[in-house]
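Visitor: I am new to this structure. Could you show me how to read it?
Guide: Gladly; please have a look at it here.

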Amino acid sequence: SLLIPNLWALLRRLAARPPVPWGPSAETRLIDACLRPWSPEEGQPYIRHSGSPQNGQPYLRHACSAEATILHLIAEGCVYLLPVLDDREVFSLCHPFSPPDLDALASTLNRLAHTLLWTDPAIQAQLPHLSAPTCRLLSQLYERDSRQPFRPVPPPGTSAWLLPVETGVLEWELFGHAKPQEPAHAGRARAVLERIPWVVPFEARVGLFRSLVAREKDALPDEARPEHLKGAPHARLCPRSPM
């Protein structure tokens, strides 16, 4: 249980060096390093092997940076480690993760998933193995924070999980009112709402849900007819019984 926390601590130390007071934060530098493609200066590339061998050669995915490989291992391991940690281990013993550790992990993964799914979905083609485990772990972290908060309490009416998502653009792309500006953006609105919905304000999600229900209701047959005639093939007048 110490391997995953130590790897996360290693990543944070690497991102914090050298300290640059006027530059980007350590979290931003870590995210940029994870999204950076492999370069020959890094030495031997980290290549993902998947699929079945073809002609004796395994299927090779895109090479990625060392930071992305370590973060992928952290995400895959935490998916199994986090559910077995109780509140006493996290909030009292602070082992193997303390609340600040989980807060930093949640913040980094949330921004990373936001970039992969919304800001620049084209990067997923270069890092096909990073999106799924990141979103799985984020879902567990969000549920745990909702039950017993470990992230700092934000001002009323806000959330530590919110990230910039243009609600108008999200609605237009979701309902097909406008084509995405880039081909890679196709389907990103549905991906955000299905995989990381907490980055969108709750009121905006409720509005989108109501619009979706209204659109589906209007698409049903006979919805424009009066309530007592809905579903009837035609209106019939029944003769009144003499009794």
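This is a predicted model: local features need pLDDT of at least 70, side-chain atom pairs count only at pLDDT 80 or more; totals for chains, interfaces and linings use all residues.

Guide: Residues are numbered from 1 along each chain as its sequence is written, and side-chain values use heavy atoms, with hydrogens and water left out.

Visitor: How many salt bridges are there by this rule?
Guide: A salt bridge is a side-chain nitrogen of Lys or Arg within 4 Å of a carboxyl oxygen of Asp or Glu. Here the count comes to eight. One of them joins the side chains of Asp-103 and Arg-151, at 2.7 Å from N to O.

Visitor: Which parts of the chain does the pair of Asp-103 and Arg-151 tie together?
Guide: Helices are DSSP runs (H or I, at least four residues), numbered from the N terminus. Asp-103 belongs to helix α5 (residues 99–119) and Arg-151 to the loop between α6 and α7 (167–174), so the pair ties together parts 48 residues apart in sequence.

Visitor: Is Asp-103 buried or exposed?
Guide: Buried means under 20% relative accessible area, exposed over 50%, and partly exposed in between (1.4 Å probe, protein chains only). Asp-103 counts as buried because its relative accessibility is 19%, and Arg-151 counts as buried at 10%.

Visitor: What can you tell me about Arg-188 and Glu-173?
Guide: Their side chains form a salt bridge with an N to O distance of 3.0 Å. The pair links helix α8 (residues 188–195), which holds Arg-188, with helix α7, which holds Glu-173, 15 residues apart. Arg-188 is buried at 10%, and Glu-173 is buried at 18%.

Visitor: Which residues do shared partners join into one network?
Guide: Asp-87, Arg-144 and Arg-147 are joined in this way. Within that group, Arg-147 and Asp-87 meet at 3.3 Å, N to O. Asp-87 is partly exposed, with a relative accessible area of 27%.

Visitor: What lines the largest pocket?
Guide: On a 1 Å grid over the protein atoms alone, a pocket is an open set of points with protein on both sides within 12 Å along at least five of seven lines; lining residues have an atom within 4 Å of a point. The lining of the largest pocket has 20 residues, with Pro-154, Thr-158, Ser-159, Ala-160 and Trp-161 nearest its centre. The elements giving two or more residues to this lining are α6 (131–147) and α9 (202–219).

How values were computed:
On a 1 Å grid over the protein atoms alone, a cavity is a set of points where a 1.4 Å probe fits but cannot get out, and a pocket is an open set with protein on both sides within 12 Å along at least five of seven lines; lining residues have an atom within 4 Å of a point.
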